[in-house]
Amino acid sequence: MSYLAPAGTALSLSEIALGFAHGLRAQSAAARLIERLCAVSSLPHCWPISSGRAAMTLILRSMRVAAADQERDEVVIPGYTCYSVAASIARAGLRPRLCDIDPATLGMSVEALERTDFNRVLAIVSANLYGLPDSLTRFERIARERGVYMLDDGAQALGASVDGRPVGSFGDAGLYSFDKGKIICTIQGGAIVARSSAVAQSIAREVAALPQSSGLEILSNCIKLPIYAVCLRPMLYGLVRKLPFLGLGRTEFEPRYPIARLSALQTGLAADLGIRIDALNERRRRVASQLAAALSDLPGVALPTFSQSCTPAYARFPLRMLNAAARDGVIRALDAAGIGATASYPCALIDVPEVRAMLRDPAPTPGARQLASQIVTLPTHGYCPEDLGERVRRTLVGQPTRVLAT
Ligand SMILES: *Cc1c(COP(=O)(O)O)cnc(C)c1O
């Protein structure tokens with residue numbers, strides 16, 4: 001049966017082959033990717049890296065080196081975000097401090113951030129989940145007032161902006177991811193971007209000391225890419241999504257990962273895809289606006305709110321249901337209709353044992369727990385049909401009334 005994958009970047013085999021071919025000229029591919037990401041982020045520095053989490057570890061280590069106060073070993077992160085964020089903090093030898101979420105915006109609550117104990121904080125990290133910009137101007141001001149660094153995590157938001165300012169460019173340094181389900185895909189991969197500062201100098205030193213990706217790692221990623229591209233097509237995804245060894249949609253806390261340069265072949269593909277960021281996001285925004293129009297008046301469905309000055313990237317289209325039971329019912333019904341909806345990350349970070357064990361202050365984050373129980377994400381990628389909004393609406397309306405009751 002035809003099945004829409006929950007997220008992804010629609011790629012053709014010839015695009016992949018051409019990207020790899022461009023990667024054979026390693027220096028020119030790296031120069032193109034760096035130039036493109038500097039333009040997209042409006043920042044002067046960029047370093048392609050083996051993954052978004054490796055990028056985050058390098059940035060945090062560099063902030064630690066640049067910081068005047070070596071007692072500062074905590075990183076403020078949203079109570080609900082990708083588990084890799086907490087894993088990157090562990091890998092950098094630091095501890096997370098959780099800040100609660102505003103479920104309506106999906107990002108850190110500005111009030112909760114203002115109440116945070118900054119005594120031992122090194123940096124604040126944003127999330128911009130699903131490509132929806134956080135309250136980045138406010139976060140940046142709070143970081144400056146409290147004398148801490150800010151890392152703008154644009155892993156899911158490459159090409160999004162707030163008041164014309166690119167996500168990834170707020171604070172001292174930012175990152176993008178090229179993993180599966182992000183804005184552009186090289187299976188694994190990412191980049192650091194930064195403004196000129198002591199942190200950037202420290203990042204440059206860290207990156208200069210990085211190894212190349214291992215041959216095995218490169219081979220594995222380059223074999224997975226064409227398989228990924230073919231399997232993302234709705235006709236095949238319906239067959240392959242159940243194969244356990246693909247590990248699709250699994251979320252784990254895993255601090256062991258390579259920290260290396262992005263391979264030349266993946267750099268070549270990323271540079272080619274870099275040119276298409278606006279077109280890819282334009283299409284995702286069109287799907288998102290159809291979904292929003294089709295679902296906005298359904299009782300029991302809450303669409304995320306964000307300021308008019310935001311241009312989201314919509315790696316996925318998020319919405320919230322009343323509770324976990326309603327949410328799970330909706331995901332099952334969409335699944336039966338061939339639409340890959342997900343419950344996103346399964347838990348608030350406070351409920352991930354490895355994360356909780358790192359906390360100095362395990363204060364409750366009720367907003368993050370609420371969001372974890374309510375969220376549903378819908379696909380926005382290039383294989384989404386024109387009538388996706390209508391199809392989702394019909395599926396939700398066909399649900400028992402307890403699901404859609406107000
Ligand atoms: C995916 C993701 C990361 C990590 O990126 P990888 O390339 O998967 O290592 C970091 N932060 C957020 C918010 C993400 O979604």
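These legends go with close-up views of a predicted model. Local features need pLDDT of at least 70 and side-chain atom pairs count only at pLDDT 80 or more, while totals for chains, interfaces and linings use all residues. Residues are numbered from 1 along each chain as its sequence is written, and side-chain values use heavy atoms, with hydrogens and water left out.

View B. Look for a ligand nitrogen 2.6 Å from a side-chain N or O atom of Asp153. A ligand oxygen sits 2.7 Å from a side-chain N or O atom of Lys182, and a backbone N or O atom of Gly52 is 2.7 Å from an oxygen atom of the ligand. Taken alone, the ligand exposes 380 Å², and the protein buries 97% of that. Accessible areas come from the Shrake-Rupley method with a 1.4 Å probe; for residues, only the protein chains shown count as cover.

View C. The side chains of Glu74 and Arg97 meet in a salt bridge, 2.7 Å from N to O; the rule asks for a side-chain nitrogen of Lys or Arg within 4 Å of a carboxyl oxygen of Asp or Glu. This pair links distant parts of the chain, with Glu74 in strand β2 and Arg97 in strand β3 (residues 95–99), 23 residues apart. Both Glu74 and Arg97 are buried, where buried means under 20% relative accessible area, exposed over 50%, and partly exposed in between (1.4 Å probe, protein chains only). Asp73, Glu74, Arg97, Arg120, Arg360 and Asp361 are linked in a network of salt bridges. By this rule the count comes to 17 salt bridges.

**View D. Two further salt bridges.** Glu140 pairs with Arg165, with the closest N and O atoms 2.8 Å apart. Glu140 belongs to helix α6 (residues 136–146) and Arg165 to strand β7, 25 residues apart. Glu140 counts as buried at 13% relative accessibility, whereas Arg165 is partly exposed at 29%. Arg285 and Glu282 form another salt bridge, at 3.3 Å between the closest N and O atoms. These two are separated by about one helical turn because they are 3 residues apart in helix α11 (residues 277–295).

**View E. Two loop residues with positive phi.** Asp163 has a positive phi of about 50° although it is not a glycine. You'll find Asp163 in the loop between β6 (161–162) and β7 (165–166), and it counts as exposed at 58% relative accessibility. Ser344, also not a glycine, has a positive phi near 55°. Ser344 is in the loop between α12 (324–336) and α13 (353–356), and it counts as buried at 17% relative accessibility.

How values were computed: Polar contact = N/O pair within 3.5 Å; in protein donor to acceptor, adjacent residues only side chain to side chain. Helix = DSSP H or I, 4+ residues; strand = E, 2+ residues; numbered from the N terminus.
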